[in-house]
Amino acid sequence: MKDQGRVGGLLSSEVLDRLVDFGSGALPDAERSAVVSHLAGCDRCADFGGAYGAIVAALRVRGASAEPLGAELAARILARVGDDSGEP
């Protein structure tokens with residue numbers, strides 16, 4: 001990240017590296033406090049973190065109400081993910 005400053009003891013790139021763990025509550029208390037402090041003082045990261053959090057929350061809601069995949073469809077998806085041929 002260009003032109004990032006240290007806020008709350010962390011650079012913006014360091015906050016980005018911790019964002020998934022922060023959102024899931026998996027950060028140790030000291031790291032969580034540093035991220036919270038950084039977000040309070042960095043508008044750019046606070047905006048990004050807010051947007052990221054909204055996306056994660058929406059996915060959790062949609063995922064909770066989704067129908068489970070059938071075994072055949074799940075197998076096809078997993079086979080496609082493992083296929084690196086580039087073919088659709």
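User: Taking helices as DSSP runs of H or I with at least four residues, and strands as runs of E with at least two, numbered from the N terminus, in which helix is Cys45 found?
Analyst: This is a predicted model, in which local features need pLDDT of at least 70 and side-chain atom pairs count only at pLDDT 80 or more, while totals for chains, interfaces and linings use all residues. Residues are numbered from 1 along each chain as its sequence is written, and side-chain values use heavy atoms, with hydrogens and water left out. The protein chain has four helices and zero strands, and Cys45 lies in the helix that covers residues 43-65, namely α3.

User: Does Cys45 count as buried or exposed?
Analyst: The classes rest on relative accessible area, with buried meaning under 20%, exposed over 50% and partly exposed in between (1.4 Å probe, protein chains only). Because the relative accessibility of Cys45 is 10%, this residue counts as buried.

User: Leaving aside neighbours within four places in sequence, which residues is Cys45 in contact with?
Analyst: Contact means heavy atoms within 4.5 Å. Val35 lies ten residues from Cys45 in sequence, with 9.8 Å between their C-alpha atoms. With neighbours within four places in sequence set aside, the contacts of Cys45 are Ser12, His38 and Leu39.

User: How many residues has the largest nonpolar core, and which helix gives the most to this core?
Analyst: A nonpolar core is a set of buried Ala, Val, Leu, Ile, Met, Phe, Trp, Tyr and Cys residues joined through side-chain atoms within 4.5 Å. Leu10, Val15, Leu27, Ala34, Val35, Leu39, Cys42 and Cys45 form the largest one, which has eight residues. With three residues, the helix that gives the most to this core is α2.

User: Which residues does Val15 touch, not counting those up to four places away in sequence?
Analyst: Val15 is one of the residues of the largest nonpolar core. Beyond four places in sequence, Val15 touches Leu10, Val35, His38 and Leu39.

User: At what angle do α1 and α2 pack, and is their crossing left-handed or right-handed?
Analyst: With axes fitted as lines to C-alpha atoms, for helices over the stretch in contact, and angles running from 0 to 180 degrees between N-to-C directions, α1 (residues 12-24) and α2 (residues 29-41) pack at about 120°, their axes 10 Å apart. Angles under 35 degrees count as roughly parallel, over 145 as roughly antiparallel, 65 to 115 as roughly perpendicular and the rest as oblique, so α1 is oblique to α2. A crossing is left-handed if the near helix is turned anticlockwise from the far one by less than a right angle, and right-handed if clockwise; that of α1 and α2 is left-handed.

User: Is α1 roughly parallel or roughly perpendicular to α3?
Analyst: The two helices pack at an angle of about 25°, with their axes 11 Å apart. That angle makes the relation of α1 to α3 roughly parallel.

User: Which residues of α3 make the contact with α1?
Analyst: α1 passes α3 in a right-handed crossing. From α1 the contact takes Ser12, Leu16, Leu19, Val20, Gly23 and Ser24, and from α3 it takes Cys45, Phe48, Tyr52 and Arg60.
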